[in-house]
Amino acid sequence: MPEGHSIARFAKRHRDLLGGRKVAVASPQGRFAKGAARLDGRKLLDVSAHGKHLFYHWQRAETLHIHLGLYGKFRTFRDEPPPPTPGTRLSLSADGVTIYLAGPTVCELIMPSAEEAIRGRLGPDPLQAETDGNTADRVVEKLSRRSIPIGAAILDQSVMAGLGNIYRAEVLFLTGVNPTTPARDVPAAKIHEIWDRSVELLGRGVAEGKIVTVPGRPATRADRVYVYQRERHPCRRCGGAISMGEMANRNIWWCESCQPRQAS
Ligand SMILES: [Zn+2]
């Protein structure tokens with residue numbers, strides 16, 4: 001599933017390509033035909049992201065809400081696009097640019113009140129940290145009430161919005177927090193560190209267009225991370241074995257010596 005940095009990049013790209021233009025909207029697959037007819041020919045005002053959700057705002061129309069889920073994919077074409085595949089839920093085009101969307105979990109029109117409700121249910125997004133004050137304190141507050149492991153809690157989009165499976169493992173490694181620690185037992189100062197690392201790493205992901213958590217410019221995909229999918233490799237810091245387990249139905253990786261368990 002794309003993590004928050006990719007969604008933020010889609011928002012910016014779609015805003016740059018289609019914003020301020022009258023957009024031809026269609027649903028080749030037909031499953032969004034009514035919504036597409038409602039938007040067709042309207043001017044796109046803005047596109048914004050919160051965590052993994054995208055919101056498209058139009059002149060005199062409802063908001064288009066998209067969540068890619070596990071299988072959703074955008075494809076962008078300049079000039080002549082190929083014919084849409086049968087699964088193309090949505091097609092947006094203006095000024096020689098065409099964007100196809102297939103396989104999203106959500107593609108719907110919603111009222112402003114529903115958009116507000118969705119944003120209200122989501123935790124703070126590290127990519128909006130600059131415009132949203134005291135966010136780390138809000139995360140501390142949310143986690144203080146949760147007994148689930150911190151590795152599961154930071155994947156919960158109502159706690160923090162935007163982290164996926166790669167970032168959660170990397171952020172916990174970089175802050176030295178064992179993923180099995182109950183969320184409410186992680187000291188507030190550590191939660192602040194988790195937040196600050198998330199702000200830094202997702203920001204880097206937006207800038208570089210890929211998830212990189214090690215310093216510098218790693219040559220290969222396998223060199224870009226500390227623990228994610230590295231269970232067969234030694235820890236980059238201590239040389240010890242990387243552990244793998246399951247948490248919130250997804251695999252998670254960590255180093256027992258760099259991320260020691262709390263003494264109980
Ligand atoms: Zn280690």
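Predicted model: local features only at pLDDT ≥ 70, side-chain atom pairs only at ≥ 80, totals over all residues.
Local features need pLDDT of at least 70 and side-chain atom pairs count only at pLDDT 80 or more, while totals for chains, interfaces and linings use all residues. Numbering runs from 1 along each chain as its sequence is written, and side-chain values use heavy atoms, with hydrogens and water left out.

**Exercise 1. Describe the second largest pocket: its volume, its lining and the elements behind that lining.**

Step 1: A pocket is an open set of points on a 1 Å grid over the protein atoms alone, where a 1.4 Å probe fits, with protein on both sides within 12 Å along at least five of seven lines; lining residues have an atom within 4 Å of a point. Volume is the space filled by probe spheres set on the points, which are joined across faces, edges and corners.

Step 2: read off the volume, about 190 Å³.

Step 3: go through the lining, which includes Ala8, Lys12, Asp125 and Val206. The largest share, 4 residues, comes from α1.

Step 4: check the domains. At least three lining residues come from each of domain 1 (4-121) and domain 2 (126-255), with bounds from an automatic or database domain assignment.

**Exercise 2. Is Gln157 buried or exposed, and which backbone oxygens does its side chain reach?**

Step 1: Gln157 counts as buried because its relative accessible area is 19% (buried is under 20%, exposed over 50%, partly exposed in between; 1.4 Å probe, protein chains only).

Step 2: follow the side chain of Gln157 to the backbone oxygen of Leu155 at 3.0 Å, then to that of Leu163, also at 3.0 Å.

**Exercise 3. Work out what surrounds Arg38.**

Step 1: find Arg38 in helix α2 (residues 33-39). Its relative accessibility is 35%, so Arg38 is partly exposed.

Step 2: list contacts (heavy atoms within 4.5 Å), leaving aside neighbours within four places in sequence: Arg60, Ala61, Glu62 and Leu109.

Step 3: compare sequence with space. Arg38 and Ala61 sit 23 residues apart in sequence, with 7.5 Å from C-alpha to C-alpha.

Step 4: pick out the side-chain pair. Arg38 makes a polar contact with the side chain of Glu62 at 2.7 Å (a pair of N or O atoms within 3.5 Å; within protein, one must be able to donate a hydrogen and the other to accept it, and residues adjacent in sequence count only if both atoms are side-chain atoms).

Technical notes:
Helix = DSSP H or I, 4+ residues; strand = E, 2+ residues; numbered from the N terminus.
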